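User: I would like to learn how to read some features of a protein model. Please take them one at a time, starting with the surface.

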Amino acid sequence: MPNIRKQKRIPMIEHHPRNKAEVQTLLEKALLHMTSEQIQHWMLYQFQPEDMYCFYIEEQLVSVIQMESHAVCIQGKKVAVNQITMAATHPGYQQKGHFSTLLKACLEQASYTTFFTFCTTNFPLLFLHHGFERISTSKRVQIQAKDLSQKVYGTILHSNKDTYELYQKFLSYFEASILYTKEEWEQKLAYATANRYQALTINENDELRAFFLYQIKDHRAYVETCIYLDSLALLDGLNYLAQQSETILCTIGQDERIEKIVPIHYPRQKDSILVHCNDSKSFKRYFATKKTNITEFFDALNPIWNNI
């Protein structure tokens, strides 16, 4: 009987998917927390083939990571960074090390051009095992409508137009937060709108003071993004939502202290903001720091916000 050996399937990493349809098919199989419609919207508004790294085994797309180039402001310096905005592995190929292999390749590529790779995720263990460190978290808090006055003093508009300048002003209070361009910001808003998020803005004396992205479901208002220039504008937005719902569930940064102006209930961690130092020697030299621990370095900065 002839000795027939089973041929080993050859894995390959490519910097660009072979076609768009295979990416969507993979995401629909791997991302059980997203509906097919939501994945279609992501493909339409967030998919960047030039930023996607792919792990193939022969003709099968097994794992993908989308790693985009952005900027952050750290100690007054505008710094180029990478941000992982999508990661998924086919369920039939999980727990086999394919994602780890792909992530290592991405981080090696990032080490040639940037100091840091950022990632916001609710599955941090996947990345903590590869040298990422948690530098911040977002949290979801509950606010009861009965605890609010439900009086609104500013002018309410349902529009996301001209919100980029407000976004820039809001981020000036934070550090090490992703700075989106106007085009990127508008793409984020278009993606949110496609996923049935409504826009709410508060104007005072013809000046935009606050912006909310929210959904109303089963007498609850889910606020995914909330940016504001003062507590009065924030209260106006919350009071308006209290008129429309019984409970407000609001996602905020870990350093936002809205409990000082409104009672909150059941605060729970939502996402982790992780950072990987791509080149520790260049990082220490550029920022003139002796800190070897990335978490300590970022803890010494102003608060971080990445909730869009």
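This is a predicted model: local features need pLDDT of at least 70, side-chain atom pairs count only at pLDDT 80 or more; totals for chains, interfaces and linings use all residues.

User: How far apart are the mean positions of the positive and negative charges?

Analyst: The protein has 33 positive and 33 negative charges, and their mean positions are 7 Å apart.

User: How many helices and strands are there in the protein?

Analyst: The protein has nine helices and 13 strands. Its radius of gyration is 21 Å, close to the 19 Å from the globule rule for 308 residues, so the protein is as compact as a globular protein of that length. Along the principal axes, the C-alpha atoms fill a box of roughly 85 × 50 × 35 Å.

User: What share of the contacts with a separation of 6 or more links residues 24 or more positions apart?

Analyst: Such pairs account for 73% of those contacts in the protein.

User: Now a helix. Which residues of H1 are buried?

Analyst: The general idea comes first. An α-helix has 3.6 residues a turn, so residues three or four places apart point the same way. In H1, which spans residues 20–30, the buried residues are Glu-22, Val-23, Leu-26, Leu-27 and Ala-30. They cover an arc of only 135° around the axis, which puts them on the same side of H1.

User: Where is Thr-89, and is it buried or exposed?

Analyst: Thr-89 lies in strand E4. Buried means under 20% relative accessible area, and Thr-89, at 11% relative accessibility, therefore counts as buried. Among the residues that Thr-89 touches, leaving out those up to four places away in sequence, are Leu-26 and Ala-30, both of them buried residues of H1. Thr-89 also touches Val-62, Ser-63, Gln-94 and Phe-99. Between Thr-89 and Lys-29 there are 60 residues of separation in sequence, yet the C-alpha to C-alpha distance is 8.7 Å.

User: Where are Gln-75 and Asp-206 found?

Analyst: Gln-75 is in the loop between E3 and E4, and Asp-206 is in the loop between strand E9 (198–204) and strand E10 (207–217). Gln-75 has 41% relative accessibility and counts as partly exposed. The cut-off for exposed is over 50%, so Asp-206, with a relative accessible area of 80%, is exposed.

User: How far apart are Phe-287 and Gln-75 in sequence and in space?

Analyst: They are 212 residues apart in sequence and 8.3 Å apart in space, C-alpha to C-alpha. Phe-287 belongs to helix H8, residues 280–287, and counts as buried at 5% relative accessibility.

User: Which residues does Phe-287 touch, not counting those up to four places away in sequence?

Analyst: Phe-287 touches Gln-75 itself, along with Ile-74, Val-79, Phe-115, Phe-116 and Phe-297.

Definitions and conventions: Residues are numbered from 1 along each chain as its sequence is written. Side-chain values use heavy atoms; hydrogens and water are left out. Helices (H or I, at least four residues) and strands (E, at least two) are DSSP runs, numbered from the N terminus. The radius of gyration is taken over C-alpha atoms; the globule rule is 2.2 Å times the number of residues to the power 0.38. Contact means heavy atoms within 4.5 Å. Lys and Arg count as positive and Asp and Glu as negative; His and the chain ends are not counted. The place of a charge is taken as NZ of Lys, CZ of Arg, CG of Asp or CD of Glu. Buried means under 20% relative accessible area, exposed over 50%, partly exposed in between (1.4 Å probe, protein chains only). The arc is that of the directions from the helix axis to the C-beta atoms.
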